[in-house]
Amino acid sequence: MSKLEIPHVGGEGAVISARRLSLWYGKVIGINDITIDIGPGVLGLLGPNGAGKSTFLKVVTGQLRPTTGNVGIFGELIWNNRNVMSRIGFVPEQDAFYEEMTGLQFVSYLTRLQGYSKKEAIELAEIAIDTVNLSDKKNAPIRTYSKGMRQRIKIAQALAHNPDVLFLDEPLAGTDPVGRRHIINLIRGFGEAGKTVIVSSHILHEVEQMTSNILLINKGRIVADGNIYKIRNLIDEHPHSIRIGCGSPRDFAAKLAAFDDVVSIQFSEHGFEVQTSDPDACYNRIPKLAIESGIKLHRMSSMDNNLTAVFDYLVNA
Amino acid sequence: MSAIKSSARNFGISSQLTTVIGVQIRRLLKARKTRALLAIQMLPVLGAFVYVMFESLDGLSMFSKIVNTVTIPFLIPLAALFYGGPAIVEEMEGRTLTFLTLRPISKSVLFIGKTIAAITVAIPAVLIPLSLLFLVCLFQSDDMGQSVENFLQIIGGSALGIMTYTTIFAALGAVFASSILASIIYFVVVEILCSVIPNIMFLTVKNHTKTMAGFSSEVGFWEAITIGQALPAEWWVSLVFCAVLTALAAFAGSYVFSSRQYYV
């Protein structure tokens, strides 16, 4: 594959480089022939359950060895590479801890394994715990933590050693709205500081609040990558939905249905939704047609500005 | 983040090994299974206490008999089973392995550190009740000097036996990703069945632990019908055998753990 053909997401330069990356669990494919360069900044990894998001994260963090292809971080292969491990932080999806440890003991232990002395590790752990707003519970055993607190202590262990690359697998799961807002701001802050952050989630509007750079993954393959607006162009190759609210919706729908680019029409309580293969033409036509037909147009909105629509379009396409 | 001024990070093996061992020992000492194991290990002490109170017998003979028939064949492997097999596997089953393998620490150091911690806790878990058993039996002993000498040899042999068993079980855990089953199969096949197969009993850890502890070798089936006595065994031969077996198990376990991927 030539250099020019390699997709790139995020800021300039490739922090993470995946080449022909595939992983099979026996006869089941986890990820399938993924080639991509990921630069600094926050990247949202989106996909339905079982799409391969977690497998992708496990492979790029060196927890699983790819069946074929390779992945590097900062130009070095990741598998059993201690140099790279010292520069990454990972928030796993699973709710697993040393339950008897306190939050501070847990984070400081894992920080000591990052090469810090006991004193430094405790100081770094306290800063990280404070960053996730958990200082008042740092000396309580983890088994007494709520789901949201457990999520935050997982994030603290990933932040404590100030990594250059941060991987978060469903980091907002179980967090309350305040905690969620805090974590989202934290992740955005990391991206703005020039770090590389990959956030996996299936909650689309949450990712949308963190970044406009996304990687859509389904059935182990990257369905789309890049900026949300770049992906928007890709959407135009697929049927495009426009919601219309108007007087006499059935009459107006019948007039629209006469055009070749209209793929389908679905009625709802407040109007109808038209799917078109030529969105630009359709957008121009609707107001004109409404005026010519004497139909009052109350509302015309595209679902496509919302990430949900992008997701639905590209995953289901 | 990282507002504190930190010195250069130390990725040295000794520093990381010390951290893993220290934390793991603390975790094991607080673990419920340690209390359960101690309760089991104390059963012979309670039994001996009852005997000493109500029966008139030679304390040293009773102590030797209990060690030879209960402690070495069962209680030592049990302690190793409690700590050796789960050394790495409990991190897999508890799904906490991810936190460790994503640190700049080699997997071999993790395996060795966890195994050393397991041995460090397993040894006192057996030897403290064993020492109490000895004290109870000492009340009925005629020759205290000889008793103490025998006791020290038993302590040394038992400690080495625990070390060997624990390392083997830890390695089996890494190979089969199973904390108990693989170790039990090993114990039944190698340690129990091999004890009755001609000459093969020489390969069992139990046999060598007994030799190191000062007990004479048992007469196996083959020895009984051929030479009519047990194969001669020196304590140092058993020591070398156990040391080699421990080293091989540690190497195999750390090699497998380093090269395999585990689906956590």
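Me: How are helices and strands assigned from the N terminus?

Reply: Helices (H or I, at least four residues) and strands (E, at least two) are DSSP runs, numbered from the N terminus. The model is predicted: local features need pLDDT of at least 70, side-chain atom pairs count only at pLDDT 80 or more, and totals for chains, interfaces and linings use all residues. Residues are numbered from 1 along each chain as its sequence is written, chains are lettered from A in the order in which they are written, and side-chain values use heavy atoms, without hydrogens and water. Chain B has 12 helices and zero strands.

Me: What is a cavity, and which residues line the largest cavity?

Reply: On a 1 Å grid over the protein atoms alone, a cavity is a set of points where a 1.4 Å probe fits but cannot get out; lining residues have an atom within 4 Å of a point. The lining of the largest cavity includes Lys58(A), Gln63(A), Thr98(B) and Arg260(B). Helix α6 (residues 97–101) of chain B gives the largest share of that lining, three residues.

Me: What does "partly exposed" mean, and where is Ile192(B) found?

Reply: Buried means under 20% relative accessible area, exposed over 50%, and partly exposed in between (1.4 Å probe, protein chains only). Ile192(B) is found in helix α9 (residues 181–193) of chain B, and Ile192(B) counts as partly exposed because its relative accessibility is 40%.

Me: How many residues does chain B have, and what percentage of them is buried?

Reply: Chain B has 264 residues, of which 52% are buried.

How values were computed. 1 Å grid on protein atoms, 1.4 Å probe; cavity = no way out; pocket = protein on both sides within 12 Å on 5 of 7 lines; lining within 4 Å.
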